[in-house]
Amino acid sequence: MNIQHIANEVVKLIREGSNKQAKDLFYADDIISIEGNGDKAEGINAIHQKSADWGAQIAEVHSASVSDPLVAADHFALHIKMDISYKNGYRAVLDEIAVYHVKDGKIVFEQFFFAG
């Protein structure tokens with residue numbers, strides 16, 4: 001499976017709201033993830049926990065979009081934008097670039113870039 005196919009499938013699943021399935025299918029067991037604030041998670045179980053913890057804070061998703069992938073060599077990037085309300089009442093627009101490194105058909109590294 002080539003990187004363009006992987007990137008397209010990840011985008012398709014994210015757009016369908018199947019983020020967990022995207023991770024289960026395409027993330028390596030030893031993936032490393034770095035958030036825009038520098039927080040680091042290592043391993044697929046840590047990634048799933050990070051997603052669950054973040055999701056537990058969300059009261060409502062008002063809108064969400066993900067761009068088509070930009071592929072170069074063994075990386076692809078996505079522009080992700082979400083308008084969300086947290087359970088504490090705070091509403092935010094998240095606007096980030098996600099960069100993924102693919103090796104041997106699996107995403108082995110992801111990093112998110114966004115304004116503080």
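Does Asp 104 count as buried or exposed, and at what relative accessibility? At 74% relative accessibility, Asp 104 counts as exposed, where exposed means over 50% relative accessible area, buried under 20% and partly exposed in between (1.4 Å probe, protein chains only).

## Basis of the model

The model is predicted: local features need pLDDT of at least 70, side-chain atom pairs count only at pLDDT 80 or more, and totals for chains, interfaces and linings use all residues. Residues are numbered from 1 along each chain as its sequence is written, and side-chain values use heavy atoms, with hydrogens and water left out.

## Loop residues with positive phi

Asp 104 lies in the loop between β6 and β7; helices (H or I, at least four residues) and strands (E, at least two) are DSSP runs, numbered from the N terminus. Although Asp 104 is not a glycine, its phi is positive, at about 55°. Most residues other than glycine have a negative phi.

Ala 73 occupies the loop between β4 (70–72) and β5. Its phi is near 55°, a positive value in a residue other than glycine. Ala 73 is exposed, with a relative accessible area of 71%.

## Packing of α2 and α3

Helix α2 (residues 19–26) packs with helix α3 (residues 44–55) at an angle of about 170°, and their axes are 11 Å apart. Axes are lines fitted to C-alpha atoms, for helices over the stretch in contact, and angles run from 0 to 180 degrees between N-to-C directions. The two helices α2 and α3 are therefore roughly antiparallel to each other, given that angles over 145 degrees count as roughly antiparallel, under 35 as roughly parallel, 65 to 115 as roughly perpendicular and the rest as oblique.

On the α2 side, the contact is made by Lys 20, Lys 23 and Asp 24, and on the α3 side by Ile 44, Ile 47, His 48 and Ser 51; contact means heavy atoms within 4.5 Å. These residues divide into 2 nonpolar, 2 polar and 3 charged. Ala, Val, Leu, Ile, Met, Phe, Trp, Tyr, Cys and Pro count as nonpolar, Asp, Glu, Lys and Arg as charged, and the others, Gly among them, as polar.

## The largest pocket

The largest pocket holds about 1,200 Å³ of space. A pocket is an open set of points on a 1 Å grid over the protein atoms alone, where a 1.4 Å probe fits, with protein on both sides within 12 Å along at least five of seven lines; lining residues have an atom within 4 Å of a point. Grid points are joined across faces, edges and corners, and the volume is the space filled by probe spheres set on the points.

The lining comprises 37 residues, of which Trp 54, Ile 80, Met 82, Leu 94 and Glu 96 lie nearest the centre of the pocket. It divides into 20 nonpolar, 8 polar and 9 charged residues. Strand β6 supplies the largest share, 6 residues.

Val 10 is found in helix α1 and counts as buried at 2% relative accessibility. Not counting residues up to four places away in sequence, Val 10 touches Phe 26, Phe 76 and Ile 107.

Asp 83 belongs to strand β5 and counts as buried at 15% relative accessibility. Arg 91, in strand β6, counts as partly exposed at 47%. With residues up to four places away in sequence not counted, Arg 91 touches His 62, Asp 83, Ile 84 and Ser 85.
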